[in-house]
Amino acid sequence: MPFNKKYIRNFCVIAHIDHGKSTICDRILEKTGAVEKRNLSAQMLDDMELEQERGITIKLNAVTMTYKSKDGNEYVFNLIDTPGHVDFTYEVSRSLAACEGAVLVVDATQGVQAQTLANVYLAVDNDLMIIPVINKIDLPSADIPLAKKEIETKIGLSTNDVVSVSGKTGAGIEDMLEKVVELVPPPSGDSEAPLEALIFDSYYDSYRGVVVLIRVKNGRVKVGDRIRLMQSGKSYTVTEVGIRTPKELSTGVLECGEVGYLTATIKDIKDVFPGETVTLENKPAKEPLPGYRKIMPMVYCGLYPVDSQKYGDLKDALEKLTLNDASLVYEPESSKALGFGFRAGFLGLLHMDVVQERLEREYNLNLILTAPSVKYRVNLTNGEVLTIDNPSEMPEPSKIKTIEEPYVMASIMTPKDYVGAIMQLCQDKRGIYQDLIYFDDTRETLKYLIPLSEIIFNFFDRLKSVSRGYASLDYTLDGFRPSDLAKMDIYLNGDPIDALSTVVYRKSAYSRGLAIVSKLKEIIPKQQFEVPLQAAINGKVIARSDIKSVRKDVLAKCYGGDISRKKKLLEKQKEGKKRMKAIGSVEVPQEAFMALLSIDESNEK
Amino acid sequence: MADSLYVHIPFCAHICGYCDFTKVLYQEEWAFSYVNRLIEQLDGLGINKPLKTVYVGGGTPSSLPSDLLKKILSKLSTYLDESDYEFTIEANPENLNEEKLLIMRECGVNRLSIGVESSHLKFLKLMGRAHTFEEAKEKVKLAKKCGFTNITCDLIYGLPTETLEDVKQDVVALLSFDVPHLSTYCLSVNPGTSWHNKGYSEMDDEDAANQYDLILNEFRKAGYKRYEVSNFSKPGYESRHNLTYWHDEEYYAAGLGASGYLNGERFTFTKNLLSYLKGDFEGERETLTAKDLKEEFFLTNLRLEEGFSLENYEKRFGSSFLEDYKEQLEKLKLDGLLVFEGNRVRCTDKGILLLDRVLLSLFK
């Protein structure tokens with residue numbers, strides 16, 4: 001088929017979590033013959049094991065397929081997948097920028113949700129043609145008229161072109177694809193202009209280096225071209241160009257409007273952030289494509305091997321992991337309590353969780369994560385400014401003039417009934433009210449400036465609980481603001497444990513201190529001696545709880561039949577002990593270091 | 001070479017909520033077939049006579065009717081070394097009577113273990129026991145009258161809401177029986193029991209330790225020696241059968257869910273009564289590794305007040321205990337958990353109460 005970009009349709013599928021995006025993507029792959037039905041492991045695009053377990057898409061992907069339309073022509077479809085979590089908003093925006101159209105999935109049983117809207121706005125920002133699709137029409141509780149009405153009133157889209165489908169049964173999928181042909185504009189751009197290709201994803205391949213997924217906006221790129229990345233300024237020679245069907249198919253060239261991959265012996269994935277522009281070295285574009293943002297970690301924590309002998313293994317594992325995860329950053333650090341480890345930065349707590357699980361599962365490591373922290377800006381009395389992402393590095397109070405902490409602008413969309421409860425939550429979390437935007441008769445959007453650290457600790461869970469799951473959250477960083485903060489140290493058996501230090505809001509320090517020592521008392525098993533636990537600010541103890549010494553730990557009856565069983569129980573306990581960290585003479589379980597995250601807020605205040 | 005035998009009688013007239021032994025509610029037709037199968041199993045075990053100790057436990061062996069009791073006990077009496085043996089049977093007050101006691105005597109039973117458990121009616125009721133304390137007291141008298149001198153009584157402490165004062169009364173009551181052996185068990189709530197399912201919890205270790213210390217002191221004052229974590233006796237009345245377990249020696253076993261230890265292999269017969277009654281006795285088997293052997297040696301021997309001798313360790317494992325555990329022993333001694341006396345190692349009073357901690361540091 002001769003190349004003609006008028007037969008290309010680049011689109012993505014956007015949806016609220018659980019509204020059935022992955023199933024719809026699978027049906028599209030099936031209908032276009034890209035994948036045979038029997039090869040479909042359910043939800044093909046979510047290919048990482050963890051993604052499948054959590055039902056969320058973390059890494060992006062793109063697939064090229066052909067579709068024979070009822071108009072008699074054969075079209076090339078490029079389907080670009082998007083992740084669906086608040087930690088990854090920027091990545092979503094970059095993959096949207098690679099498309100001309102978006103299929104917007106609305107669950108017929110749930111209607112338009114806040115997250116759907118957040119993504120719709122991103123799509124609108126990128127000038128995408130939006131095709132609304134009502135999914136799950138096979139369910140008895142489906143309410144198509146209501147879903148239509150919501151699409152009209154809440155999103156403001158015309159419902160003339162709405163398609164009703166069932167990702168489960170496949171009903172309506174062809175109608176939807178016809179709409180894609182009909183409504184999504186073919187790519188514009190000039191094949192003869194200087195190359196401008198948008199990088200929207202990448203992954204590491206041990207033979208070819210980084211494989212970059214691109215959308216060619218102008219010009220063309222082919223094997224042998226000398227290319228330059230306009231943000232990083234680095235140059236490479238293209239070694240392979242092709243499309244993914246989803247199997248890689250080397251084509252040697254990608255033309256204006258096409259979506260595909262290229263390799264150029266790029267060794268470090270950190271050189272190819274999403275949003276980066278590829279151009280030709282000898283015929284460069286004037287300016288990089290708009291919208292590029294350097295990805296900033298939001299949350300930091302210490303990563304330590306339980307067994308300090310495994311430091312090297314952890315280092316290797318992190319190196320391998322970052323080959324495929326450009327947003328994970330880390331550098332070595334050491335802790336008096338935990339020995340040698342790394343301070344790592346993540347996009348959010350979900351990202352942190354995913355990284356921890358991958359390190360433990362795929363690399364068989366036993367890890368201790370210290371309490372997550374944000375980055376603080378510390379203004380010293382001598383005029384110096386420090387940036388600190390590890391509370392234990394906080395200078396002594398006499399040297400500190402002020403401490404500033406990062407704030408986020410949080411947009412919370414909620415049914416009206418919960419506005420009061422959510423405002424209360426935001427106040428509790430030191431939020432500064434900004435706006436209450438009327439959305440429709442039933443919904444409103446609250447805007448608050450909230451310290452990022454408060455968002456990290458339990459905010460999302462509490463939001464879900466006060467709104468019975470209806471409210472949704474999106475946030476963007478919004479600069480640093482001074483706060484009345486102090487470093488709180490935890491003393492275990494009289495010694496400060498650096499890995500347990502946190503920065504706290506002074507006014508809630510007492511309750512937080514008490515909550516954390518109480519929590520630690522629950523987590524740390526009794527030792528053979530009494531262990532005092534204290535929370536202190538600037539050396540002054542503000543909360544205390546003592547772990548009493550163990551007095552009795554023996555099996556009462558041990559006769560013939562009890563011996564094997566007891567031996568096995570003890571062996572299991574012994575294994576458990578290996579997951580503990582000896583700090584001084586106290587055995588501390590891994591969970592203790594995350595205690596801050598699991599504090600029951602009702603214990604506070 | 002084993003010279004001990006454990007025989008399990010799984011029947012009970014009542015089921016107690018905390019009990020995690022293999023047991024079933026007594027039914028006449030089952031009991032009849034069971035005893036026949038048990039005898040058949042005994043015949044098939046190739047037991048090397050004569051034995052030094054036989055222990056009939058349960059369940060409640062005394063729940064068997066007189067004829068069945070006689071049938072099984074007279075069978076077992078043929079295994080005994082007549083010149084020197086210990087033959088124990090467990091009994092509950094509510095189904096012990098003169099007829100059964102005389103049958104036991106007749107068949108050579110020379111040690112009787114009576115489940116007294118508490119002197120308080122409210123705790124006996126809570127546990128689901130079917131006797132009163134007065135009844136237990138009477139049955140002990142009756143047993144003495146029938147010629148039993150080697151009698152042991154069980155006590156359970158650490159019960160929900162039980163106070164130190166409650167335990168003190170139990171101790172006084174039990175001492176008034178004037179029997180040469182006493183066992184006291186701290187309640188444990190094990191998975192699979194109805195108490196576990198109901199969410200009962202075990203007593204805080206601090207309170208349990210105080211109750212234990214009270215029992216230990218009072219019993220010692222009364223002339224009993226603690227020879228094992230939960231067992232006390234007047235001199236010469238230690239349970240020889242149970243010492244087999246705690247010396248980590250081998251023994252035969254027969255009966256539903258019974259565990260034995262022969263030729264380096266631990267095994268437990270089926271816990272399914274229907275399989276057992278069909279003659280399908282097999283359950284689980286575990287061949288012990290070198291690591292298992294050492295762990296079990298500590299797990300058993302360190303329960304004993306007298307611990308074990310360094311020669312015994314060396315004879316079994318061909319190396320020196322002091323060398324093998326040099327690192328761990330330093331700390332155990334320093335923490336006051338283990339002591340060395342002459343050529344023996346044993347737990348201190350503190351160490352016995354923290355035996356699981358001691359064992360964990362000796363497990364590798």
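Mentor: Helices here are DSSP runs of H or I with at least four residues, strands are runs of E with at least two, and both are numbered from the N terminus. The model is predicted, and local features need pLDDT of at least 70, side-chain atom pairs count only at pLDDT 80 or more, while totals for chains, interfaces and linings use all residues. Residues are numbered from 1 along each chain as its sequence is written, chains are lettered from A and ligands numbered from 1 in the order written, and side-chain values use heavy atoms, with hydrogens and water left out.

Trainee: Where is Pro50(B) found?

Mentor: Pro50(B) sits in the loop of chain B between α1 (28-44) and β4 (53-58).

Trainee: Asp248(B) next. What is its phi?

Mentor: Asp248(B) has a positive phi of about 60 degrees, although it is not a glycine. Its place is the loop between α9 (240-246) and β11 (252-254) of chain B.

Trainee: Is Asp248(B) buried or exposed?

Mentor: Asp248(B) is buried, with a relative accessible area of 3%. Buried means under 20% relative accessible area, exposed over 50%, and partly exposed in between, with a 1.4 Å probe and protein chains only.

Trainee: New topic. How many residues of chain B are in contact with chain A?

Mentor: 43 residues of chain B are in contact with 28 residues of chain A; contact means heavy atoms within 4.5 Å.

Trainee: What area is buried between the two chains?

Mentor: About 3,400 Å², with carbon and sulfur atoms giving 52% of that. Buried area is the accessible area (1.4 Å probe) that two parts lose on being put together, summed over both. Asp356(B), Arg357(B) and Leu360(B) supply 20% of what chain B buries against chain A, more than any other three residues.

Trainee: How many salt bridges are there across the interface?

Mentor: The rule finds 12 between chain B and chain A, each a side-chain nitrogen of Lys or Arg within 4 Å of a carboxyl oxygen of Asp or Glu. The side chains of Arg551(A) and Asp213(B) form a salt bridge at 2.8 Å, N to O.

Trainee: Which element gives the most to the side of chain B that touches chain A?

Mentor: Among the elements that give two or more residues to that side are α8 (205-221) and α16 (355-362) of chain B. α8(B) gives the most, with seven residues.
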